[in-house]
Every structure is written in C-alpha cells, then in structure tokens.
Amino acid sequence: MRRVRYESTGGPLFLEDTPVPAPGPGEFLVRTEAIGVTLPVVRKVTEAAEPIPLGGEIAGEVAAVGPGVTRFRAGERVTGLCFGHGYADFAVLHEAMASPIPDSASAVDAVALVRSGLVALGVLDAARPEPGEAVLITAAASGVGHLAVQLARARGAGRVVGAVSDPAKGDFVRALGTDEVITYDDLDRPRWGEPVDYVLDAVGGELLTPAIAALAPDGRLVAYSSGGGTIRAYDLLVGAKSVIGFQMARIARGKPELYERWRRELWRLFAEGALKPSVHGEFALAEAAEAHKVIESRSNLGKVVLRP
C-alpha cells in the first residue's frame, strides 16, 4: 500500500510503499476513502523533534477485524481517529475511537463532520453557554470553527461573532450564521466590538489578550489551540473572568459515554440539516504537502481532505 511519511522536522512529505498493517486486539483495518488534514498534525511535522506517524481523522470501509472487536464487521463504513499512520491506503483504528457512518453520509462528510464536530461541540459544552448569550469564535472559517459557529447558533446563542485571519473569509463565515465578522487585524483595538459572554479560541498566541479583553464580566474563554500563549492573571481578576482548557483526547479516553453522546448529536443535527460541514478542497495522497500548505497559510474555508 501507499503511505505518506517524512524523515526530518519540516519534511518534505513523500509517498512510500509499505506492507498493509495487521490489526491487533481491539483494532480493525480500514480501507481509507477520506483523510482529514488538521493544524495539530501540520504543526507536528514542522515542530516535532522526531518524525511522527501522520494520523488523525479517517473514514472508509472495514477490511479486517482484530481479536476482540465486537462492534464492527468487514464491509461496514466507519470513521474515527487514527493514532498511527493515517495518511495511507489502509489504516488501523481502535474500536473505541470509531463510529459507523450513516447511509445518508459520504466518507468525506464523515471526515469533515465527526472529529472537527466533536471538538466544536466539546469546547461549546466546556463554555457552559446559556441561551441568549453572546459568543466570539476565533478561526471561524476553519474545519472546527465553521462547525462551532453553526453549533453555537443551534444551541441558542443570542449573538455570534466570527473572528478570521482574512477579510476575504467574511462572506463564508456570515453565511454560516454569524451576526458579525472581525479580523485579526483589529488586534490593536482596545476591544473587539461589544463584549461577549464566552470565547471559543482555536488560535492562541497574541490573540489571547484581545480575546480576554472581549469578555464581559464573568465571561469564559475556552482554549483549545496548540498555538500556546500567555494570559496575565490580572486580566482575569478584572471582571472575574475564567479560562478553561479543552483537549478532545482526554474525553475520548476518559469519558467514552460522553464522546458517544456527542457523536450521536452530531449525526442527528446533520440528518436534520442543522449542521452542514464544508470542504475546502480534496487532495490526492501524493498532494499531501500541498494540503499542508493550505492549512499552514490559514486560507482554508472549512475542511481540507486527502483522498487515496
């Protein structure tokens, strides 16, 4: 089979021929049809000290099952999070990290919706929103952000503000249901518009300070970015604001019942037409480097997908 790999920090990415992996206990083999490209994986390629397997979201058909697998059989369509080599014709999923794909959805729909949607739904729940509250969502045009906008609206947000890196993304974000769109060029302003009750932040870094300033008293910021950054304690003390960290892996491993409940909610909203994942572009495996460039440039509107 073909697999995308790299040998040193920063790449380059290349295709190699390698044997099809065998699933172990509790695992099954998937013939991949769609693979999600995410910023955390792109950053690991450029920043990790040692090369790592290019994993992440995959979707496809079960080709073989390992010992102890009870929920899935060969021929079924599944999606899930691959911790090993996912940029490949075949990949291994652990049963706990997988869910079936409804007949009404494609593999691309599944990759664009499930993992990104789980993160979006998770950070939204972490913010403990009340109906009618205002929310600011950074990276609002991203794979996670564009779903967070729709979910916030579906959950009863009174005002939804989308923050983007480029004004050209404005029309896309407004069409998702935002009431306002701001850009990161507004960093020099003392505050981004009217205060909001909570912020869902996927960017971090220098955006943290204006994001905290955008909060109303008692406001909450949920940080789920791999971009780092520092927040001054004084900025939280003024207005009794709080910051909540969110990591999906902790939910997937430690709270499987919550993980499954969120998955069911995502598919329900998709079936009802209330949640519509957007795909920026589809790339062949051999074009993985080009797909990474799109993510690095932050030019994507929605999800970036590889197609074996």
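Two residues are in contact when they have heavy atoms within 4.5 Å of each other. In the protein chain, take the contacts with a separation of 6 or more: residues 24 or more positions apart account for 64% of them.

This is a predicted model, in which local features need pLDDT of at least 70, side-chain atom pairs count only at pLDDT 80 or more, and totals for chains, interfaces and linings use all residues. Numbering runs from 1 along each chain as its sequence is written, and side-chain values use heavy atoms, with hydrogens and water left out.

**Overall build**

The protein chain has nine helices and 15 strands. Both are DSSP runs, numbered from the N terminus: helices are H or I with at least four residues, strands are E with at least two. The radius of gyration, taken over C-alpha atoms, is compared with a globule rule of 2.2 Å times the number of residues to the power 0.38. For 308 residues, a compact globule would come near 19 Å, and the protein chain agrees, with 19 Å. Its C-alpha atoms fill a box of roughly 55 × 40 × 35 Å along the principal axes.

**Inside**

Buried means under 20% relative accessible area, exposed over 50%, and partly exposed in between (1.4 Å probe, protein chains only). Of the 308 residues in the protein chain, 54% are buried. Helix α1 (residues 39–47) gives an example: V41, V42, R43 and V45 are buried there. The buried residues of α1 pack against β3 (27–37) and α9 (288–296).

**Aromatic pairs**

Rings of Phe, Tyr and Trp (its six-membered ring) pair if their centres lie within 6.5 Å; planes under 30 degrees apart are stacked, over 60 edge-to-face, and the rest tilted. The count is three aromatic pairs. Two of them are listed here.

| Pair | Centre to centre | Angle of planes | Type |
|---|---|---|---|
| F246 and W262 | 6.4 Å | 45 degrees | tilted |
| W267 and F270 | 5.6 Å | 85 degrees | edge-to-face |

F246 lies in the loop between β13 (242–245) and α7 (248–254), and W262 in helix α8 (residues 256–272), so their pair ties together parts 16 residues apart in sequence. F246 counts as buried at 13% relative accessibility. W262 is buried too, at 3%.

What separates W267 and F270 in helix α8? They are three residues apart, about one helical turn. An α-helix has 3.6 residues a turn, so residues three or four places apart point the same way. W267 is buried at 12% relative accessibility, and F270 is buried at 17%.
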